[in-house]
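Please view the sequence and the model together while reading.

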Amino acid sequence: MNNSSIDDYSSAERGFCGMAKNTQDLRQRRPQQPVIDAFDRKILAALAADGSQSYARLGETVGLSAPAVHERVRRLRQSGTIKGVHAALDGAALGKPLLAFVHVEAAGWGKSERLMQVLQFPEVEEMHSIAGDASVLFKVRTASPQALEAFLSQIHAVPGVTGTRSYIALSTYLERPVQAGVTNSWPEMPLPE
C-alpha cells in the first residue's frame, strides 16, 4: 500500500500505528461445516424416517440419552444441517396423481425473476438450475394432463423460454428426502444383477 492511499483515509479509519484499515479485499469467512459423526448420522437417518419421534425414542434408537440427542438435534438445526421436519404427503390422495419433470430451455441462463414467479403454484415441488441442454428443471405434480398443460403455458409465457420437454412418471419406485448416510467405498465392479 503506498503512502498516498493511506492519506486518503480519515483518522477514524486508521488502525494501529497509523496504518489504514482496508477491508475491501478481504473475503468473508464461510461458516464452518459442522462435523457430522456416526451418532449424528444415525439421528438424522431416524428423523428422516420419522420426524415425529421423541428425543427419548431417538435416544433408544441411536444409543444415547434423550438430553444428548436433544443437544445434538439443536446443534444440527442451528448449523442448518436440519432444515426442518416435514410430513410426507401422498400426491394421489391429494388429487394430484400426475408427476412430471419439466426441462426448460431458455435463451441465456434461463433463471429470471418472471420464471421464479411460477414457484407460487403449489404444483411445483422442486426447481433446479442444471447443466446440459436445458437450463432449469421443475418437478411438478398436477391433477391431470390438462393441469400440466396449463402449467406449461405459464412457462412458455416467460420471455426467453425457447422450449420445454416434459417427462411424465408412470410409476415411482423410490422417492425419498436427502439421506444421512454416505457411501465411503463404491464397489469397483457394478452391482450384480
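## A buried aspartate and its partner

D40 has a relative accessible area of 0% and is therefore buried, where buried means under 20% relative accessible area, exposed means over 50%, and partly exposed lies in between, as computed with a 1.4 Å probe on protein chains only. The side chain of D40 meets that of R72 in a salt bridge, with N and O 2.8 Å apart; the term salt bridge stands for a side-chain nitrogen of Lys or Arg within 4 Å of a carboxyl oxygen of Asp or Glu. This pair links distant parts of the chain, since R72 belongs to helix α4 and D40 to helix α2, 32 residues apart. R72 also counts as buried, because its relative accessibility is 18%.

The model is a predicted one, in which local features need pLDDT of at least 70 and side-chain atom pairs count only at pLDDT 80 or more, while totals for chains, interfaces and linings use all residues. Residues are numbered from 1 along each chain as its sequence is written, and side-chain values use heavy atoms, with hydrogens and water left out.

## Other salt bridges

A search of the whole structure finds 12 salt bridges. One of them joins E71 and R74, whose closest N and O atoms are 2.4 Å apart, and both of these residues lie in helix α4, 3 residues apart, or about one turn of the helix. E71 counts as partly exposed because its relative accessibility is 39%, and R74 is likewise partly exposed, at 36%.

Another salt bridge joins the side chains of K139 and E125, at 3.6 Å from N to O. Here too the pair links distant parts of the chain, with K139 in strand β3 (residues 136-142) and E125 in strand β2 (residues 124-129), 14 residues apart; helices (H or I, at least four residues) and strands (E, at least two) are DSSP runs, numbered from the N terminus. K139 is buried at 10% relative accessibility, whereas E125 is partly exposed at 37%. E125 and K139 also belong to a network of salt bridges that includes E126, R141 and E175.

## How α3 meets α4

Helix α3 (residues 55-62) packs against helix α4 (residues 66-79) at an angle of about 100°, with the axes 8 Å apart. Axes are lines fitted to C-alpha atoms, for helices over the stretch in contact, and angles run from 0 to 180 degrees between N-to-C directions. The two helices, α3 and α4, are therefore roughly perpendicular to each other, a description that covers angles of 65 to 115 degrees. Contact (heavy atoms within 4.5 Å) brings Y55, A56, L58, G59 and V62 of α3 together with A66, V69, H70 and V73 of α4.

Which residues of α3 are buried? They are L58, G59 and V62, and seen down the axis of α3 they fall within an arc of 100°, so they line one face of the helix; the arc is that of the directions from the helix axis to the C-beta atoms. These buried residues pack against α2 (38-49) and α4, while the face turned away from the buried side carries the exposed residues E60 and T61.

After α3 comes G63, whose phi is positive, near 85°, and G63 has its place in the loop between α3 and α4. G63 counts as exposed because its relative accessibility is 56%.

Terms used
Angles under 35 degrees count as roughly parallel, over 145 as roughly antiparallel, 65 to 115 as roughly perpendicular and the rest as oblique.
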